[in-house]
Amino acid sequence: MKGRKLSRKGKIVRNLLLTLGFGSVVWASQGGPMPTAELTFRQMERTRFLASSEILYTWESSLPLSELRSSSSKAVLVGQYPDQIAVGCIFEPNDFGGNRLILWPREEGVMPVPLSAFLQREDGTLCHVLLVLSAPEETAGAQVTVTGRLENAKEPVETVQGERWGGGVWAFWFPIDEELTTDGELRYGTKDLEGLPYTLELYREDGSTLARQAGTTPENRQTGIIYDPGLYDFLGEILS
């Protein structure tokens, strides 16, 4: 007995379902990659059994992945909880060994947070980046000086001007040059920005000083990097 032939509409529906089914299989086989930086960030939060944070700012590099160095993050998201700050560094939407979600205790007032990944400028320079959170809304300019990371540098870069990201977040880019000079010394220090003395100055539109703050940048006390989707971190906690 011959089966009933599908109508033209039925064939379209069948083909659509087959396409969706095949696409789902491929998507699942790749670990369920998220199409946007925010969805990847939310996936990392869920993996850590965290509620959705309030996202203060999302930064994304204008460079294509093909031009980014492997150590440079493609996107950075800053979220806040009542008692913690979450900073996500996304290298690729489904990079199991690279995407990072670092939690920092939330402090009252202006708060410095060292980024846990390099960022790459459009000219190819890699940079350590210090974030400053909760800057007053009237902040029109910012400058930070960080000392202690340039022990063997020939051309020290200690003071940099801030870049306004939004949501009270400012970013300070400290360049790194990995090429050696003729006498074997690094042009720029390569030490990260954790646990170092800093002085922050915030300015109003007219150039007058709005606030000045000095202290030591916080250090990440967590037991290892927190990866997306969290498998490596959980294994580390079990084995430690």
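Pro-112 is buried, with a relative accessible area of 6%, where buried means under 20%, exposed over 50% and partly exposed in between (1.4 Å probe, protein chains only). The model is predicted, so local features need pLDDT of at least 70 and side-chain atom pairs count only at pLDDT 80 or more, while totals for chains, interfaces and linings use all residues. Residues are numbered from 1 along each chain as its sequence is written, and side-chain values use heavy atoms, leaving out hydrogens and water.

Pro-112 belongs to strand β5 (residues 111-114); strands are DSSP runs of E with at least two residues, numbered from the N terminus. Setting aside residues up to four places away in sequence, Pro-112 touches Leu-130, Leu-131, Val-132, Tyr-198, Gln-213 and Pro-218, with contact meaning heavy atoms within 4.5 Å.

In soluble globular proteins, nonpolar side chains tend to be buried together.

Tyr-198, another contact of Pro-112, stands opposite Gly-215 in β13. Strands β12 (residues 197-203) and β13 pair in the antiparallel sense over seven bridges; pairing requires at least two bridges found by DSSP. Both strands lie in an open sheet of four, ordered β9-β8-β12-β13 with antiparallel pairing. β9 (159-161) and β13 (209-216) stand at the edges with a single partner strand each, so one side of each is left without a neighbour in the sheet.
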